[in-house]
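Have a look at the sequence and the model first, then try each task before reading its solution.

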Amino acid sequence: MATLQLSVSGMKCTACEKKIVEGLQAVEGVSEVKADHKAGLVELVYDPDKVQPSQIEEAISGLGFQVVQEEARSETQKSSILQQILSFFRS
Ligand SMILES: [Cu+2]
């Protein structure tokens with residue numbers, strides 16, 4: 001699994017967050033999505049064997065938002081780190 005953090009412009013409210021979260025969760029290989037319109041950030045957990053960051057960015061564009069830049073990307077097999085990420089998404 002891998003994580004991706006993106007700066008996304010165009011999110012104005014919680015409905016925008018919901019649109020991105022639901023839209024990205026529909027993409028095969030994406031498991032957890034968190035969007036914050038105030039920070040303009042989208043963070044997600046994905047399976048790099050199933051989907052590439054470029055496809056995720058295309059999906060965001062398709063939803064009507066713009067990826068400004070990629071803030072961070074990491075891939076890990078370490079379950080402890082993955083657990084921390086997952087607990088972050090669930091908080
Ligand atoms: Cu909105």
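**Exercise 1. Confidence**

What pLDDT does the protein average, and what share of the residues score at least 70?

*Solution.* Start with the whole chain: this is a predicted model, and the protein averages a pLDDT of 91. Next, take the share: 91% of the residues score at least 70. Then go element by element: helix H1 (residues 14-25) has the highest mean pLDDT, 98, while helix H3 (residues 79-90) has the lowest, 71. Keep one reading rule in mind: where pLDDT is low, the predicted coordinates should not be read in detail.

**Exercise 2. The core**

Find which residues of the largest nonpolar core touch the most other members.

*Solution.* The core holds 15 residues, and Ile20, Val42, Leu44 and Ile56 touch the most other members. Now ask where this core comes from: strand S1 (2-9), H1, strand S2 (30-36), strand S3 (41-46) and helix H2 (53-62) each supply at least two of its residues. As background, nonpolar side chains tend to be buried together in soluble globular proteins.

Take isoleucine 20 as a worked case. Setting aside neighbours within four places in sequence, its contacts are Met11, Ala35, Val42, Ile60, Leu63 and Phe65.

**Exercise 3. Two partners of isoleucine 20**

Decide whether methionine 11 is buried or exposed, and do likewise for valine 42.

*Solution.* First, methionine 11 sits in the loop between S1 and H1. Methionine 11 has 22 C-beta neighbours inside 10 Å, so it counts as buried; the cut-off is 20 or more. Beyond four places in sequence, its contacts include Cys16, Glu17, Ala35, His37 and Gly40.

Second, valine 42 belongs to strand S3. Valine 42 is buried because it has 26 C-beta neighbours inside 10 Å. Not counting residues up to four places away in sequence, it touches Leu6, Val8, Ile20, Ala35 and Ile60.

Methionine 11 and valine 42 are 31 residues apart along the chain, with 10.0 Å between their C-alpha atoms. Valine 42 and serine 7 are 35 residues apart, with C-alpha atoms separated by 6.5 Å.

**Exercise 4. Strand pairing**

In what sense does S1 pair with S3, and over how many bridges?

*Solution.* S1 and S3 pair in the antiparallel sense over 6 bridges. To locate the pairing, look at alanine 2, which stands opposite tyrosine 46 in S3. Then turn to strand S4 (residues 66-75): its pairing with S1 is antiparallel, over 8 bridges. Here serine 9 stands opposite glutamine 66 in S4.

Key
Residues numbered from 1 in each chain as written. Predicted model: local features only at pLDDT ≥ 70, side-chain atom pairs only at ≥ 80, totals over all residues. pLDDT = per-residue confidence, 0-100. Helix = DSSP H or I, 4+ residues; strand = E, 2+ residues; numbered from the N terminus. Core = buried A, V, L, I, M, F, W, Y, C linked by C-beta atoms within 7 Å. Buried ≥ 20, exposed ≤ 12 C-beta atoms within 10 Å, placed from the backbone. Contact = placed C-beta atoms within 7 Å. Pairing = 2+ DSSP bridges.
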